[in-house]
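Trainee: I would like to learn how to read helix packing and pockets in a model. Please start with the terms.

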Amino acid sequence: MQAIIIIQPGAPEVLQLQQRPMPAPAPHEILIRVKAAGVNRPDVFQRRGGYPPPLGVPADIPGLEVAGVVESVGTEVTRWQQGDAVCALLGGGGYAEFVVVDARHCLPVPLGWSFTEAASLPETVFTVWHNVFQRGALQSGESFLVHGGSSGIGITAIQLAKAFGARVFTTAGSPEKCVRCEELGAERAINYKTEDFAEVLKAEGVDVILDMVGGEYTHKNLNLLHPDGRLVFINAMKGAPAEFNIQHLMRNRLTITGSTLRPRSAQFKADLAAAILENVWPVLERRKFVPVIYQEFPLTEAAQAHALMESSEHIGKIVLKVEA
Ligand SMILES: NC(=O)c1ccc[n+]([C@@H]2O[C@H](COP(=O)([O-])OP(=O)(O)OC[C@H]3O[C@@H](n4cnc5c(N)ncnc54)[C@H](OP(=O)(O)O)[C@@H]3O)[C@@H](O)[C@H]2O)c1
């Protein structure tokens, strides 16, 4: 099969198409003929030499999510059959014509969704459901701030939070991005390059914040939270070290938490997939959540897809189309 290999850590050009042996499914796995693969920021970190994949997944083929057709199933798999249309969360290996995955980490392609649209879902939906709704415990009627609203994570968080009855605020880096975030359900999108979100939201405050920025945002985030508020980290692109006032934390009973999805156990991801099938899939199928695909590239142009992601011009998801 053909796959995109990271030939060495570096710039997007280190992503090159090569031949690889076809993977074979273990008893609990399925083999997917990939139709589309989502591109995520963690793929960029992996390409540059950070964010190593967990044991058991191809170390040099990036790709955390795909959609495609079941080609064959392992001997213990009863849930899926050859020909089923699925999307899947992967530990890696998605930028390829075929990939094997734990059968429990797959979900059906939502009714009415294309393979490209379905490939844009797993990484962000798994991340957002766990961090915003499980760790952050966002409730209907609460208010929610997500930074980076035009990112793949952002467009997912805005739409799910809105669909579950929260008031949504966000930050994004241009007027166009802010308009799109408001079309997707944000009550107010703040252009962080021209406005200070801490000033804009000072009077309002929020109950839950999803942050991937860190740095100087941490202090501002903590000051915006209502009593019993929750701050959830999924990255710290502007710096991980933080200093905060423990008295403020105690007085307001704040919770600071965070997580990384990729190294979690197979059982954790299976349980998360089951929760998402029950809670999120009906929202997708009712089209209370729309896919936001910024650009699709052929698999051979994975380097261009990464260059686009690094430019941060995109709004929503970048997807690779795979023709096996
Ligand atoms: N922990 C986990 O399990 C997990 C899983 C998946 C993703 N992530 C993280 O989630 C983030 C988003 O991932 P993605 O794949 O959706 O990537 P992406 O589309 O490239 O998103 C990166 C976003 O960060 C925003 N940003 C940068 N500086 C900012 C600032 N000062 N204020 C507000 N926003 C800022 C960018 O906004 P502009 O373009 O408008 O500047 C962009 O929307 C990444 O940091 C990724 O590592 C974590």
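Mentor: Angles under 35 degrees count as roughly parallel, over 145 as roughly antiparallel, 65 to 115 as roughly perpendicular, and the rest as oblique. This is a predicted model, in which local features need pLDDT of at least 70 and side-chain atom pairs count only at pLDDT 80 or more, while totals for chains, interfaces and linings use all residues. Residues are numbered from 1 along each chain as its sequence is written, and side-chain values use heavy atoms, with hydrogens and water left out.

Trainee: At what angle do the axes of H3 and H4 cross?

Mentor: Two packed helices are described by the angle between their axes and the distance between the axes. Here the axes of H3 and H4 cross at roughly 55° and come within 9 Å. H3 and H4 are therefore oblique to each other. Their crossing is right-handed (the near helix is turned clockwise from the far one by less than a right angle).

Trainee: What is the volume of the largest pocket?

Mentor: A pocket is an open set of points on a 1 Å grid where a 1.4 Å probe fits, with protein on both sides within 12 Å along at least five of seven lines; lining residues have an atom within 4 Å of a point. The largest pocket holds about 1000 Å³ of space. Its lining has 41 residues, and Arg41, Gly148, Ser151, Met212 and Met237 are the closest to its centre. Elements that give two or more residues include helix H1 (41-47), helix H4 (152-163) and strand E15 (317-321). H3 gives the largest share, 4 residues.

Trainee: Which domains does the lining of the largest pocket draw on?

Mentor: At least three residues come from each of domain 1 (2-121 + 263-321) and domain 2 (125-258). By class, this lining has 15 nonpolar, 19 polar and 7 charged residues.

Trainee: Which element gives the largest share of the lining of the second largest pocket?

Mentor: The second largest pocket has a volume of about 510 Å³. Among its 30 lining residues, Glu29, Gly56, Val57, Gly91 and Val100 are the closest to its centre. Strand E6 (98-102) and helix H9 (266-279) each give two or more residues, and the largest share, 5 residues, comes from E6.

Methods. Grid points are joined across faces, edges and corners, and a volume is the space filled by probe spheres set on the points. Ala, Val, Leu, Ile, Met, Phe, Trp, Tyr, Cys and Pro count as nonpolar, Asp, Glu, Lys and Arg as charged, and the others, Gly among them, as polar. Domain bounds come from an automatic or database domain assignment. Axes are lines fitted to C-alpha atoms, for helices over the stretch in contact, and angles run from 0 to 180 degrees between N-to-C directions.
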